[in-house]
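Open the structure in your viewer and keep the selection tool at hand. The stops below are meant to be taken in order.

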Amino acid sequence: MPELPEVETVRAELELHITGKTISEIDKRRDNIRIAIPDLSVLHGKKISRIERRAKYLIIHFAKYNDALVIHLGMSGKILLGTGLARKNHDHVIFHFTDNSEMVFNDARRFGVVTLLSQSAKLFNHLGPEPFSDEFNFAYLNKSLKNRKTPIKVAILDQALVVGVGNIYASEALFRSRINPKTPANKVRELSGLIKNIRAVLQDSIDAGGSTLRDYRQTSGRIGKFQHKFDVYGKTNKPCPRCGTLITQITQAGRSTFYCQNCQKQG
DNA sequence: ATGAAGGCCTGAGGGC
DNA sequence: TGCCCTCAGGCCTTCA
């Protein structure tokens, strides 16, 4: 599931493998995924200079060119690099480079986005601070949650509050913080601890390399290892690693939440 | 302003 | 084997 750690891993891989490459041609095989894919032919002949991540978006910048390519992996999006790759089902956009290699955007469920930065204001305007930024601090969180009665789990999934935290890491961060996910956001006391644990769980996952990018030279695929370190996510009726109580699964805002009823009692 | 709910979309997995 | 149903979830839109 591409949350911040996976997107950051992909960013690092792209930086390593496609920086300096020049796009020769873009083969758009579908006009619509989550939103319409615009005409990308303006990028023909442009040389990739830098790969940035903002929230769960990848932003590919070009030398001597103001616009940039924006990619969001949604739920099932993958970026594949290689040369002479066989076309697969759900290959939606193929970026050909002048060295004959290619970058493929593949997304079975089409929740992803491929667009230009110049057309992305709507996607970026409402985004909150990056979790690792100084801006994401106690004063900010305290103020932002002061009047919010929505459950804390739902609040930290809101990209306007803080970006990059998806369903998996929301449950994991609350477990580490011993906070009950049902606690109204304005009743949570340990906000400093929550900030610390959101950062820690994201960093631990980045360190484990949750990767959705496959290097064509490693056909086995480079797979992240953090899924083996989940404390509560997907652990319904398995013992809590802290106290042994069986993990509970509930639904909040239409999404699964996993927590320990015994040791996540704090608000 | 807040927040609950619906919708997009395919593949995996369970039940029969 | 195969059909049908449910679930997975990022995030936008709609509605209360």
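Select E130 and R53 first: their side chains meet in a salt bridge, 2.9 Å from N to O. A salt bridge here is a side-chain nitrogen of Lys or Arg within 4 Å of a carboxyl oxygen of Asp or Glu. The pair links distant parts of the chain, with E130 in the loop between α2 (121-124) and α3 (138-145) and R53 in strand β2, 77 residues apart. Helices (H or I, at least four residues) and strands (E, at least two) are DSSP runs, numbered from the N terminus. E130 is buried, with a relative accessible area of 15%, and R53 is buried with a relative accessible area of 15%. Buried means under 20% relative accessible area, exposed means over 50%, and partly exposed lies in between (1.4 Å probe, protein chains only).

This is a predicted model, in which local features need pLDDT of at least 70 and side-chain atom pairs count only at pLDDT 80 or more, while totals for chains, interfaces and linings use all residues. Residues are numbered from 1 along each chain as its sequence is written, chains are lettered from A and ligands numbered from 1 in the order in which they are written, and side-chain values use heavy atoms, with hydrogens and water left out.

The side chains of R53 and E8 form a salt bridge of 2.8 Å, N to O. This pair also links distant parts of the chain: R53 is in strand β2 and E8 in helix α1 (residues 4-18), 45 residues apart. Both R53 and E8 are buried. Now extend the selection to E8, R11, E15, R53, R54 and E130, which are linked in a network of salt bridges.

Next select K21 and D99, whose side chains meet in a salt bridge at 3.0 Å, N to O. K21 lies in the loop between α1 and β1 (23-28) and D99 in the loop between β6 (91-97) and β7 (101-107), so this pair ties together parts that are 78 residues apart in sequence. D99 counts as partly exposed, at 43% relative accessibility. How many salt bridges does the structure hold? There are 12 salt bridges.

Select residues 57-62, strand β3. Six of its six residues are buried. Y57, I59 and H61 point one way from β3, and L58, I60 and F62 point the other way.

β2 and β3 pair in the antiparallel sense over six bridges; two strands pair if DSSP finds at least two bridges between them. Look for I51, whose bridge partner in β3 is I60. The hairpin of β2 and β3 has two residues between the strands, and A55 takes a positive phi near 55°.

In β4, H72 is the bridge partner of Y57. The β3 and β4 hairpin has two residues between its strands, and K64 in the turn has a positive phi of about 50°.

**DNA strand C**

Select H126, where a polar side-chain atom lies 3.1 Å from a phosphate oxygen of DNA strand C. A polar side-chain atom of S256 lies 3.0 Å from a phosphate oxygen of DNA strand C.

**DNA strand B**

Switch to DNA strand B, which is surrounded by N89, H90, A108, R109, R110, F111, R148, K149 and T150. Of the atoms of DNA strand B within 4 Å of the protein, 63% belong to sugar or phosphate and the rest to bases. Zoom in on R109: a polar side-chain atom lies 3.0 Å from a base oxygen of DNA strand B. For R110, an N or O atom in the side chain is 3.2 Å from a phosphate oxygen of DNA strand B. At T150, a polar backbone atom is 3.0 Å from a phosphate oxygen of DNA strand B.

**The whole chain**

Finally, zoom out and colour chain A by its division into domain 1 (4-124) and domain 2 (138-259). These bounds come from an automatic or database domain assignment. Taken over C-alpha atoms, the centres of domain 1 and domain 2 are separated by 27 Å.

Methods: Near = heavy atom within 4 Å. Polar contact = N/O pair within 3.5 Å; in protein donor to acceptor, adjacent residues only side chain to side chain.
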